[in-house]
Every structure is written in structure tokens, then in C-alpha cells.
Amino acid sequence: MEEFLSSCRQTVQANVDQAEPGFHVVLGNEACDVDSMVSALAFAYFLSKTAPSKTLVVPLLNIRQADLVLRSDNLFLLRQTGFSPDLLLFRDQLDLQALHRAGRLRLTLVDHNVLPSSDSDLEEAVVEVIDHHLQEREPSPTCPVTVETVGSCATLITERIIQKAPEILDQQLAQLLYAAILLDCVNMAPAAGKVTPKDSQYAAALEARFPSLPPRGAFFQALQNAKFDVSGLNTEQMLLKDMKAVSGSLNLVISVLYITLEDFLQRADLEAELSAFCRKLGLDLLLLMTISFTEGKEPIRELAVFSHSANCREQVSEYLERARNPALNLCPISSPHPHIAAYHQGNTLASRKKVLPIVKDFLREREGDGRLGDGCEDEGGGVPPTPMNSLVEGCPLDAGLLGLSQALHDKISKMADRD
């Protein structure tokens with residue numbers, strides 16, 4: 001697989017315009033977590049071995065190269081499996097729009113099933129989809145779609161490889177897939193509400209084929225520790241590390257923070273830093289979801305809502321408090337900051353994946369009430385009123401919502417470069 005990745009990179013770097021008659025790009029989602037990265041790498045390798053053609057199959061990480069430093073678990077896994085990050089190709093190293101305009105692009109989506117609006121012009125290049133999120137893609141006879149709500153997209157990739165080309169599996173590839181399944185399925189623990197029978201089946205299949213894989217519990221804990229390692233990150237980087245964005249009548253982002261809410265709220269100059277972050281991205285509100293663990297490895301989830309507009313903050317907070325599908329079981333806790341509402345989240349199974357539909361419903365209802373732009377005036381000295389630009393969620397949102405404006409997309413992409 002290293003030879004394959006090296007060949008891809010060398011070909012792209014040599015001269016994209018002249019080197020190949022076409023590219024078949026396997027593209028993960030914009031969050032580029034371990035599951036998305038592994039799914040892109042593994043499925044591209046599978047295609048290169050099973051579907052030979054004149055087009056070059058290329059796995060592409062859907063982030064800028066400079067953003068990889070924020071994915072500490074991705075970097076840890078690459079080191080553990082012996083892959084150099086220098087072998088990888090990133091979104092800012094291959095111009096998909098230019099390839100598509102030249103008629104030289106085929107696109108397979110993994111770990112997401114719809115393109116964000118910033119990439120909507122690439123839609124007709126999509127030839128296959130493999131994903132484990134809620135299906136939002138319209139059926140098409142020209143684009144096979146495999147969408148199953150398993151715990152990990154890597155489970156579906158492993159299934160395809162074992163069924164179609166088991167001979168390409170080696171220890172290195174198996175360890176990548178195994179890591180993604182373990183991490184997304186929370187060590188295959190039913191109590192976490194992520195694992196399905198198919199995830200368990202293919203994790204066990206990898207263990208049976210490769211008995212020298214790292215012990216399940218120790219490997220998961222090492223990956224989890226790496227994922228939660230935010231040492232050395234400033235507040236902006238912590239917000240960017242695992243951030244999804246969504247908009248309608250409001251522009252907001254949901255950032256998962258791998259730290260206790262108490263520790264986060266005690267960071268020096270926190271409100272000033274959150275205000276600066278919102279100002280840079282033109283946001284009305286930040287929704288912060290923290291996750292940490294007890295000594296007994298039980299998850300602790302907390303939630304905070306930041307906005308300089310009291311009305312805006314209260315509207316979102318009250319909607320989340322009233323949510324019933326699922327109920328978040330929020331209990332207000334003390335916040336040392338006047339513009340941050342803080343909560344303990346009783347429903348520890350309600351991850352961001354479960355909270356996103358609630359936020360989308362809020363924005364739709366708010367828009368339906370004719371309150372576009374109403375009720376979120378700045379209380380003074382904070383984030384100025386923002387234009388109705390739009391954002392896109394990293395694991396794509398309902399097609400009815402607007403997508404990420406290119407200007408804002410560029411802002412987000414460039415922010416990590418400076419640090």
C-alpha cells in the first residue's frame with residue numbers, strides 16, 4: 001500500500017495537467033477523522049487492485065495539508081502502522097474543480113453521501129457512494145449507493161474488501177481498518193450505542209485473519225488517548241479540531257472538545273477568544289459539546305452555548321432543553337462567563353450526530369416563523385451583525401439548508417496555517 005500511495009503522490013506532483021488521462025478520486029468527508037481517512041485510503045487501494053483502468057485512483061484527504069496537525073489520532077495511527085504523512089494527498093494539492101471542467105474526474109464519496117454546496121459543481125462526477133450516515137442522496141441509476149447505518153464506514157469498506165479481494169489485505173491495511181472500527185464503535189461496547197452486529201462481525205474477521213493485531217482494549221485506549229490529546233492546542237485550534245458547521249437563519253458551528261467543560265471555561269481570556277473566533281468566521285453562535293470520561297471509563301457529556309446576543313443564546317438553549325428526539329436531559333450548571341450558558345448532558349448517548357438534527361429543526365422552525373436575522377442583536381462590544389452567508393456541516397446536512405460560502409470556507413481552511 002505504501003508503494004501505491006507513493007505512486008499517487010509522485011504522479012500528482014509531477015504534472016497533474018499532463019501526467020494522466022484522468023483521475024478517480026476517493027474523497028472522505030470534511031471532518032477527516034480516522035474513519036474518513038482510513039476509508040478513503042483503503043477503498044482507493046481496493047479500486048487500484050480490482051478495477052484497473054487508464055484513470056489513476058487517488059485517495060484524497062478532504063482537508064488542507066496544514067490541518068492534519070489538528071487530527072492527533074490520525075497522526076498517531078499513521079505512526080503506529082508505519083505510514084508517513086508525507087505519502088498522503090490533501091485537498092489543497094489537487095484541484096478537483098479544474099479536473100472536472102477538463103472532463104478528467106471521477107469521484108467516489110466515502111463516509112459522506114452528499115457533497116457540500118461548495119462542491120456542488122462536482123456532483124455529476126460522483127460515480128459511487130459508501131457511507132454510514134443518514135442517506136440524503138437522491139437515488140440515481142448511474143451512481144451505486146451503499147448506505148448502512150453501521151458504526152463505522154470502515155466496516156463497509158472491510159466488507160467489500162473481504163468479499164471481493166481478500167488477497168489485498170495485509171497486516172498494515174488490516175490495522176488501519178481495525179483502528180477505525182474500534183474508534184468509531186467505542187471499543188465495540190454496546191453501552192455506547194454505536195456498534196452494530198456488522199461492525200462486530202468484521203472486527204472479529206480482521207482479528208481472526210491477523211492474530212497479531214494489537215490487543216483490542218489497549219489499542220482502543222491508545223487511539224482514544226491520542227484523540228483526546230489537546231495539549232499544546234490554543235483555543236482556536238481546539239475549536240477547529242472537530243468542528244461541524246450549519247446555518248439557516250443563524251450561522252453557527254458545533255465543536256466537540258476533548259476536555260471537561262469546567263477546564264475549558266477556566267481558560268484565560270476565553271470569552272475574548274471565542275468572540276474573535278466568531279468574528280473571523282461570521283458566526284452568530286458557538287455550540288460546544290465536551291466529552292470526557294470517569295475513572296471507570298464512563299462518558300461524561302457537557303454542553304455550552306456561546307453568543308453575545310442574549311436572545312440568540314436563549315432561543316438555542318431553550319430549544320435544546322425542550323428537545324425530545326432525542327431528549328438531551330440538560331441540567332444547567334454554573335458558568336463564570338455572562339455570554340456562555342452551560343449544561344450537564346444527562347443523555348450520554350446523544351453525540352453531535354444526534355444533536356445536529358435538533359439544530360437543523362430549530363433553524364427550520366425559526367426560519368418558518370419569519371424571524372430571519374431577528375432576535376440576535378449584539379449586546380455590545382462583541383460579534384458584529386453578520387451577513388446571511390452560509391455554512392455546511394462536515395457530515396453533510398439536509399439539502400434544504402444552504403451550503404458553506406466559498407469565502408467562509410476559505411477562511412476556515414486557512415486559519416490553522418498560522419499556528
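Strands E6 and E7 make a hairpin, with three residues between them. Keep in mind as you look that this model is predicted. Strands in a sheet pair through backbone hydrogen bonds, and the pairing can be parallel or antiparallel. You can find both kinds here, as the points below show.

**Strand E7 and its partners**

- E6 (residues 243-247) pairs with E7 in the antiparallel sense, over five bridges.
- In this pairing, Ser247 stands opposite Asn251 of E7.
- E7 also pairs with strand E8 (residues 285-293), this time in the parallel sense and over six bridges.
- Here Ile254 sits opposite Leu287 in E8.

**How covered is E7?**

- E7 spans residues 251-257, and seven of its seven residues are buried.
- Both faces are covered: one side carries Asn251, Val253, Ser255 and Leu257, while the other carries Leu252, Ile254 and Val256.

**The five-stranded sheet**

- An open sheet with parallel pairing is formed by five strands, in the order E2-E1-E3-E4-E5.
- Its edge strands, E2 (56-60) and E5 (145-147), each pair on one side only.
- On average, neighbouring strands of this sheet are turned by 15° against each other, ignoring direction.
- Within the sheet, E1 (residues 23-27) and E3 (residues 105-110) pair over five bridges in the parallel sense, and Val25 stands opposite Leu107 in E3.

**Helices across the sheet**

- Helix H2 (residues 34-50) lies across E1, E2, E3 and E4 (126-131), and runs at about 170° to E2.
- Helix H5 (residues 153-164) lies across E3, E4 and E5, running at about 115° to E4.

Definitions and conventions: Residues are numbered from 1 along each chain as its sequence is written. This is a predicted model: local features need pLDDT of at least 70, side-chain atom pairs count only at pLDDT 80 or more; totals for chains, interfaces and linings use all residues. Side-chain values use heavy atoms; hydrogens and water are left out. Buried means under 20% relative accessible area, exposed over 50%, partly exposed in between (1.4 Å probe, protein chains only). Helices (H or I, at least four residues) and strands (E, at least two) are DSSP runs, numbered from the N terminus. Two strands pair if DSSP finds at least two bridges between them. Axes are lines fitted to C-alpha atoms, for helices over the stretch in contact, and angles run from 0 to 180 degrees between N-to-C directions. Contact means heavy atoms within 4.5 Å.
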